[in-house]
Amino acid sequence: MLNVFKGKPKYMTVKPEIGKQKEFPENLWTRCDGCGKVIYNKELDKSGYLCPECGYHFRVGSAQRLAMLVDKGSFVPFSPLVASNPLDFPGYEDKVIKAKEKTGLDDAALVGKAAIDGRECILAILDFSFMGGSMGSVVGEQLTRAFERATAERLPVVVFSGGGGGARMQEGIFSLMQMAKTAQAVGKHSRAGLLFISVLTHPTMGGVYASFASLGDIILAEPGALIGFAGPRIVEETTRQKLPSGFQTAEYALEHGMLDAIVPRPQMAQYVSRLLAWHR
Amino acid sequence: MQAFEWEKPVVDLEERIRELKQYCAQAQMDFSEEIESLERKASALRREIYENLTPFQRVLMARHPKRPTTLDYIGLLFDDFVELHGDRTYRDDGAIVGGIALFEGQPVTVIGPQKGRDTKENIARNFGLPHPEGYRKALRLMKQAEKFGRPIITLIDVVGAYPGIEAEERGQGLMIAQCVEEMSFLRTPILSVITGEGGSGGALALGVADRILMLENAWYSVISPEMCATILWRDSSRAAEAAELLRLTPMDLLKFGIIDDVITEPLGGAHRDHEFTSRQIRSFIKRYLAVIRRMDVNQLVEERLARFRRIGRFHDKSSQSLL
Ligand SMILES: [Zn+2]
């Protein structure tokens, strides 16, 4: 092989990663997607859903995330909203009902006021287990209210776009317009001189990434998170090119200048709290 | 002219009339009564076909290869145009064009995605699919317009964001978000016309406007019908069904309060008569631009933000439980 090619990245086929990271299952043990090691669930629970062998970050639900992040008992949720079916999209109501039953959540966004290490903020966490963490009218409205409330009370906002699967297709144009609505709420908050820390966790894609999640003063990500606008499968199908190794991972995004830092889960709360402290 | 399957009857009939007219002229015979009757029939057939288009037929009309492109419209809508290139950072993205134009004697900034008119042009312009630098150029020109108090007119025709490796590497998600956010607060009037395809984030990045108009055979949605069909049924050939579900026609969007007006096209679509279509667009732009130009700029931005703030349909859980 010519020397010229030696510096080139190795190419590999990346299968779509969305849905690959498993929910924390009910049974006794789980096989790690990172290294294949079999891990006792009790051990996973203690480690913050990290593989003790390779550090692979298992996806966590919004309730688990909340528990590992905020001061105990500090979280006061906003009043809940539930989805309607603006396009009369067939099967959408059923999907929402099933997602509610499965997760116990009202929709994909958990939003409220919280304290991290004694520092007040408005916190929003997207939950992948509710229809892929996709943004419809409810998620858009909740995020908008989060930034409005924070602007009114002069508080910082922390958003975990964990599982921002993108737009809620079943809400069509209403879903698209939530991108503008949330971006504008971020804009008002930002223009009031207030801090927004955006944390991207696996996966943050599509309309979530191309709106509020991208507009943080500081953008962090968890290791290995898939971050991008178009999904890897569609990129591969459209371009008919092999995707570069690590394409659209947090590490890749950091290398390309799209992130401020990658923060492993065990350090996240402290990392965020330190940034909050410096923006009093 | 390329005809769609559903318009074959009317296209065939028009062809027959043309032939008959030609024959009359050559043979110096008078078939005027027959021609008149055929023309009546053709006109009835046109109305029957084109006034009852399905959503997916409109999507296909929006993609007609002879449909005017952004540069065609720029040539027809404005008295003069100076194209301005480049994002000042990486390169000039030919998939978005922009510059300063004269509209009714007044300078405006005009920006829009540019599809190619043939295969060669399409390759050069990446089928009108912008890279991040295209959005960055658009944003640069919009800020320039704000600085000089020029109104912004965006002409939108883009199937969606570009699912390409480089577009992702250079952060198209970030650039779309930035365009949307910054456009929202620009202190100058903004008018958008969706002339063809209004596909997802690619369209929204240029569509945060004070007034949003849409051609009759244009579509605007969060996802293309093909992608929607692929997600729903793993079968992009069922795009016509998906187009029904997505409620992406201008009539739907007007009802939803997403757009302000629908610009009628000549029967059979914009591609049949570029000049007529442009005259239509011109009169709509004139009317709506006059309104937003007169507004105080603080009020303008406030109303722009309020317009998008209102959008969303959901139930309040606490009030719902009372029902
Ligand atoms: Zn592992």
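**Figure 1. Salt bridges across the meeting place of chain B and chain A.** In one salt bridge, the side chain of Glu141(A) meets that of Arg309(B), with 2.9 Å from N to O. Please keep in mind, here and in the views below, that this is a predicted model. On the side of chain B that touches chain A, helix α8 (residues 172–185) of chain B gives the most, with 10 residues.

**Figure 2. The interface of chain B and chain A as a whole.** How many residues of each chain take part in the contact between chain B and chain A? Chain B brings 48 residues, which are in contact with 58 residues of chain A. The size of an interface is often given as the accessible area lost when the parts come together. Here the two chains bury about 4700 Å² between them, and 71% of that area is on carbon and sulfur atoms. Look for Ile165(B), Arg309(B) and Phe314(B): they supply 15% of the area that chain B buries against chain A, more than any other three residues.

**Figure 3. The zinc ion and its protein donors in chain A.** The SG atoms of Cys32(A), Cys35(A), Cys51(A) and Cys54(A) lie 2.2 to 2.4 Å from the zinc ion. Why is the arrangement called tetrahedral? The four donor atoms subtend angles of 105 to 112° around the zinc ion, which makes the arrangement tetrahedral. For comparison, the ideal angle for four tetrahedral donors is 109.5 degrees. Along the chain, the donors follow the spacing C-x2-C-x15-C-x2-C. Cys32(A) sits in the loop between β1 (29–31) and β2 (38–40) of chain A, while Cys51(A), 19 residues apart from it, sits in the loop between α1 (41–46) and α2 (62–69), so this pair links distant parts of the chain. Both Cys32(A) and Cys51(A) are buried.

Figure 4. The buried residues are Pro55(B), Phe56(B), Gln57(B), Arg58(B), Val59(B), Met61(B) and Ala62(B). Their cover includes α2 (32–50), β5 (190–199) and α10 (225–233) of chain B.

Definitions and conventions: Residues are numbered from 1 along each chain as its sequence is written. Chains are lettered from A and ligands numbered from 1 in the order in which they are written. This is a predicted model: local features need pLDDT of at least 70, side-chain atom pairs count only at pLDDT 80 or more; totals for chains, interfaces and linings use all residues. Side-chain values use heavy atoms; hydrogens and water are left out. Donors are N, O and S atoms within 2.8 Å of the metal (3.2 Å for Na, K and Ca); water is not among the atoms, so sites may look incomplete. Four donors count as tetrahedral if all angles lie between 85 and 135 degrees; four count as square planar and six as octahedral if opposite donors are over 155 degrees apart and all others between 65 and 115; anything else is irregular. Helices (H or I, at least four residues) and strands (E, at least two) are DSSP runs, numbered from the N terminus. Buried means under 20% relative accessible area, exposed over 50%, partly exposed in between (1.4 Å probe, protein chains only). Contact means heavy atoms within 4.5 Å. Buried area is the accessible area (1.4 Å probe) that two parts lose on being put together, summed over both. A salt bridge is a side-chain nitrogen of Lys or Arg within 4 Å of a carboxyl oxygen of Asp or Glu.
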